[in-house]
Structure formats: structure tokens, C-alpha cells
Amino acid sequence: MDISKFAIPAELGIADHEIVKVAQDRICVNIPITRFANELLLTEDVQRQFQQSHLGIMTGMSLFNVGATRGEHLLSAYFLGLIVTRLPEMRQHRLLLIAALMTHDVGHPPHPHSAEPAMRLVLGNGHEATFRAHYKDRSCAKVMEKNGISFDEVAQLIEHSHPNPVLQALVNGGKHPDLESWEGICRYALTWTHAGARMPYDPVKIAYCYRLDDNGQLILQEIDGFCNLELEIERAQKCREEVFETIHGPSIEGPEVLLARAMQFAFEDGKLSERYFFLTDEQATQHLKSKCGSTVRRLIERTLNGNHLQLVYERRFRVPSNEQKALMQDLPNRQTFADRVATELKIPREDVCVQLYRFKGYKDYRNM
């Protein structure tokens, strides 16, 4: 491929013959796809990510444009990994980070924000543990092993159990932002803005500021004349707060809870097999519309037509009590609570939905 017309940063240390193609992206502009990355990209497991909404819901379920896919997100996260592994002390980890960043969302079910509770009931795991349990013999794992990368080590990074704190912080940082979080929040914000809108902050500039200090700890350090790191992080923090306020608002939360309720009824009717959780968004929607009972179909139609339930009660706890945590983690009780409300009000079960998701807005981008 002739890559001369693309501006590929020389400091990434990628030889021209190693670049199979270049993907163009709204956030990262030109993303060089290496041979290893391309092998992963062509697997069925990663290709499915290009048929999954990054926002987690299908077009028609929200007033927002949900055209961005998880595939776009993983490619940009991969590019940020290339930037960090340009550092000499990080170069040895490049293939491992590529594998983890390109597959970190593979374990997600279709419509993940709504389907995760049902997936736990059927598969017994959330999306992170599902990756290890259900993808170890699939195409993406075979590509990793072929290239000398341990699938188990990649799974550790995705599960947040890897012994190397630097690598773990880059892939699944827990309370601190990781590479996919820097990219993901920015892409969420761009999802509901017009194509020419200015980026709220620049994840690429932030990735260039990663360093290892004298103790081998991962830090962010401003590069003179390159960017104002403090300002970028402040913008990222503001963007995250705005994104989560939108995500937890009725325009997105409304359809999500309807869909989660529909999946609970489908589960009770025995219509959610293991296969369902490996479908694309469109395939999953068609399954719920055509293979399930009338109650499920009514909820799906309400969801797709924007006929969401009125939000009548909302309260969030920044630091939930142990009792509240237990309720949020007890998946059957989430829907049992809705059933109790329906019984008290003497209305159909499908007319009551509850939202008990883990609040994810606590991360402070300024505390690195």
C-alpha cells in the first residue's frame, strides 16, 4: 500500500512495509493498521464490533444519532496504544497492548447496557469474564496465539487482574482513566454533535504525554510546546461529567430500561439462549421482535418508536450504602423490585421499569 499520502508519525516506529492499510477517523485522523492489528481486525469477533453501537443502543431507540460503532472506538484506542508504545521502555509490550485494546469490548453482548443483567443470568458472567470463558477458542484468540501473544494475559488485562500495574492502567485502569476511557468519552460526546463540531478535548495529545517516571510508574507529563496538559484534562473532566449526565437522562436511560425489561421477560419465556449474546445489534433486535412473546414485542416497539416511560423518580448516591450496593449487584432483585411496584400500583408488569446500574461518573481525570 502507498502510505505516502497519509501523515503517519515517524516516532511511532512502524516501518512502511508493516502497515497494511490506513483507517481514517474523526478523532485520530489517520490510523496505521499493522499486519498484526489487521489480522485481528479481520476476525469475526472484532468485525462484530462494527455492527455494535458504541452508545449501546440502536438507531431508533433514542433521539440521538448513534452511528458511531464499537469498531471505530477500538481502532482509536488501538492507535493510542501505538502512541504510548513508541516509548522505548514500552515497545516490548506493543503486541500485547494491541491485542487487549482491539478486543477489550468483544465480550459485550448486543445492546450491552441493557443486556448485561440478562447475560449474567444466562451465561453466569459479565462481559469481562465472558471474554475469557467464551472466546478462548475463537478466531481472535487464535490470531493472538499465532503471533506469540497469550490469550490468558490479554484476558487478565480486560478483567483487571494483570500483575503489571503499568499495562493494567493503560487497558483497564479502574478508578483512573485508561486509554479506551480517554477515547470513549470523547467519542460519546461527538456522537450527538454535528460532523464539523470541535472536539471537546484531544485524546491523542493526552496519550503523547504518558511517561514512566524513575520508579517505573505511569504518569502524565506535559511536553513543552505540544499541548497544555492541564487544560486538556480539565476539558476531559468537564466532558465526562456532561456525557454521564446525558447518558443517565431520559433520552438514553428511557429506552435502555425498556429494553432491559423486555430481555427479562424474554429470559423468563426461555427465549434467550447463549447464542443471543453473540449476535449483532440488528440480529438481536430482530430476535426480540420475531421470536418472543407479545409482551416482549410491545416493549421493543415502544423502545424503537420512542414511546418511553415517563421518568417519575430519580435519585443517585455518590457513595452508595452496603444495602444499596447489594441491591444493585443482585440481578434478579432488580426486576423483582419492578414487579413489586407493579403489584402495588395494580398495573401490568411491562408498565414498570427500574434503573439500578452502577454509577460510573466517579472517575476524576485530574487525579492521575
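A residue counts as buried when its relative accessible area is under 20%. Keep that cut-off in mind for the tour of this predicted model.

**Stop 1: Arg 187 and helix H10**

Select Arg 187, which lies in helix H10. Its relative accessible area is 4%, so Arg 187 is buried. Now show what surrounds this side chain. Leaving aside residues up to four places away in sequence, Arg 187 touches Asp 25, Ile 27, His 54, Ala 68, Glu 72, His 73 and Ser 76. Two of these contacts, Asp 25 and Glu 72, also belong to a network of salt bridges that links them with Glu 183 and Arg 187.

Next, select the whole of H10, residues 179-191. From its first C-alpha to its last, this helix of 13 residues reaches 18 Å, close to the 18 Å expected at 1.5 Å a residue. How many of the residues of H10 are buried? The count is 12 of 13, and H10 is mostly covered. Among the buried ones are Trp 182, Glu 183, Cys 186, Arg 187 and Tyr 188.

**Stop 2: Asp 45 and Arg 138**

The whole structure holds 17 salt bridges. For one of them, select Asp 45 and Arg 138, whose closest N and O atoms are 2.8 Å apart. Arg 138, at 28%, counts as partly exposed.

**Stop 3: Arg 132 and Glu 159**

Select Arg 132 and Glu 159, whose side chains meet in a salt bridge of 2.8 Å, N to O. Arg 132 belongs to helix H6 and Glu 159 to helix H8 (residues 151-159), so the pair ties together parts 27 residues apart in sequence. Arg 132 is partly exposed at 26% relative accessibility. Glu 159 is also partly exposed, with a relative accessible area of 23%.

**Stop 4**

Move to Glu 242 and Lys 238, where the side chains form a salt bridge of 2.5 Å, N to O. Both residues lie in helix H12 (residues 229-247), and they are 4 residues apart, about one turn of the helix. An α-helix has 3.6 residues a turn, so residues three or four places apart point the same way. Glu 242 is partly exposed, with a relative accessible area of 42%.

**Stop 5: the aromatic rings**

The structure holds 5 aromatic pairs. For one of them, select Tyr 135 and Phe 278: the ring centres are 5.6 Å apart and the planes are at 55°, so the pair is tilted. Tyr 135 is buried, with a relative accessible area of 1%.

Conventions. Residues numbered from 1 in each chain as written. Predicted model: local features only at pLDDT ≥ 70, side-chain atom pairs only at ≥ 80, totals over all residues. Heavy atoms only, no water. Phe/Tyr/Trp six-rings, centres within 6.5 Å; stacked < 30°, edge-to-face > 60°. Buried < 20%, exposed > 50% of the residue type's maximum accessible area, 1.4 Å probe, protein only. Salt bridge = Lys/Arg side-chain N within 4 Å of Asp/Glu carboxyl O. Helix = DSSP H or I, 4+ residues; strand = E, 2+ residues; numbered from the N terminus. Expected span 1.5 Å × (residues − 1). Contact = heavy atoms within 4.5 Å.
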